[in-house]
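Thank you all for coming; I would like to take a few minutes to walk through one structure with you. Please have the sequence and the model in view while I talk.

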Amino acid sequence: MSRLVYVLNGPNLNLLGKRQPEIYGFETLADIEKECRGLAKELKLEIKFAQSNREYEIIDWIHEARETAAGIAINPAAFTHTSVAILDALNAFDGPVIEIHISNVHKREAFRHHSYVSGRADGVIAGFGTQGYPLALRRLAHLIDKPAKK
């Protein structure tokens, strides 16, 4: 069975460490990727780590994951609140999906309180800072290893 996990990141996450550090902290996306790769080795997972500001590219990666991956960890960023297309792509993926948000979106503007992605996610991690990424990988490893219920 595949132990490949896609870690997908949406718009503006390429600016982590520079953009609004009072909300998102000073770690960069490269720092998060390095931590995820180290943990993936420990968990015996392979990861594909990617970021895009383009909705269609994220959708294409989700479609690709349908054929190759056991799970998806996704921080859809602003697409969380706007993208039915990403939700539809995730609904076509059979493996577990964990939604990640660095900030606690429920303490922010009201429009951030709704997530299309949550309708598909098997779990949502919000407000744990960048620690949400390793939490998501640990949960995905558990779900991948868990025998399917009959």
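**Walking through the fold**

In strand β3, the bridge partner of N9 is N75, and I will come back to that pair once the overall picture is in place. Please keep in mind throughout that this is a predicted model.

Let me begin with the whole chain. The secondary structure comes to 5 helices and 5 strands, and, read from the N terminus, the order of the elements is β-α-α-β-α-β-α-β-β-α. The C-alpha atoms fill a box of roughly 45 × 30 × 25 Å along the principal axes. Of the 150 residues, 49% count as buried, while the protein exposes about 7800 Å², of which carbon and sulfur atoms supply 52%. If we take the contacts with a separation of 6 or more, 76% of them are between residues 24 or more positions apart.

Now to the strands, starting with β1. How many of the residues of β1 are buried? The count is 6 of the 6, so β1 is largely enclosed by the rest of the structure. As a general point, side chains in a regular strand alternate between the two faces of the sheet. In β1, L4, Y6 and L8 lie on one side and V5, V7 and N9 on the other, and both of these faces are covered. The strand has two partners that I want to mention: β1 and β2 run parallel and are joined by 6 bridges, with V7 standing opposite F49 of β2, and β1 also pairs with β3 in the parallel sense, over 5 bridges. The N9 and N75 pair with which I opened belongs to this second pairing.

Strand β3, residues 71–75, is likewise mostly covered, since 5 of its 5 residues are buried. Here G71, A73 and N75 are on one side and I72 and I74 on the other, and both faces are covered. β3 pairs in turn with β4, residues 97–101, again in the parallel sense and over 3 bridges, and in that pairing I74 stands opposite E99. Between the two strands comes helix α4, residues 84–91, and β3, α4 and β4 together make a right-handed β-α-β unit.

Let me turn to the interior. In soluble globular proteins, nonpolar side chains tend to be buried together. In this model the largest nonpolar core has 28 residues, and those with the most contacts inside it are V5, V7, I47, Y133 and L137. β1, α2, β2, β4 and α5 each supply at least two residues of this core, and the largest share, 7 residues, comes from α5. Apart from this core lies another one, of 19 residues, with I59, A69, I72 and V117 among them. As for L137 itself, leaving aside neighbours within four places in sequence, it is in contact with V5, V7, C36, L39, L43, L45 and I47.

A residue of β1 that I would look at separately is Y6. Is Y6 buried or exposed? Its relative accessibility is 2%, and therefore Y6 counts as buried. Setting aside neighbours within four places in sequence, Y6 is in contact with K48, W61, E64, A65, T68, A69, G71, I72 and A73. By way of contrast in the sequence, Y6 and Y116 are 110 residues apart along the chain, and their C-alpha atoms are separated by 19 Å.

Most residues other than glycine have a negative phi. N12, in the loop between β1 and α1, has a positive phi near 75° without being a glycine, and with a relative accessible area of 31% it is partly exposed. A77, in the loop between β3 and α4, is also not a glycine and has a positive phi of about 50°. Which class of burial does A77 fall into? At 15% relative accessibility A77 counts as buried, because the cut-off for that class is under 20%.

How values were computed: Residues are numbered from 1 along each chain as its sequence is written. This is a predicted model: local features need pLDDT of at least 70, side-chain atom pairs count only at pLDDT 80 or more; totals for chains, interfaces and linings use all residues. Side-chain values use heavy atoms; hydrogens and water are left out. Buried means under 20% relative accessible area, exposed over 50%, partly exposed in between (1.4 Å probe, protein chains only). Helices (H or I, at least four residues) and strands (E, at least two) are DSSP runs, numbered from the N terminus. Two strands pair if DSSP finds at least two bridges between them. A crossover is right-handed if, with the strands pointing away from the viewer, the path from the first strand over the helix to the second runs clockwise. Contact means heavy atoms within 4.5 Å. Accessible areas come from the Shrake-Rupley method with a 1.4 Å probe; for residues, only the protein chains shown count as cover. A nonpolar core is a set of buried Ala, Val, Leu, Ile, Met, Phe, Trp, Tyr and Cys residues joined through side-chain atoms within 4.5 Å.
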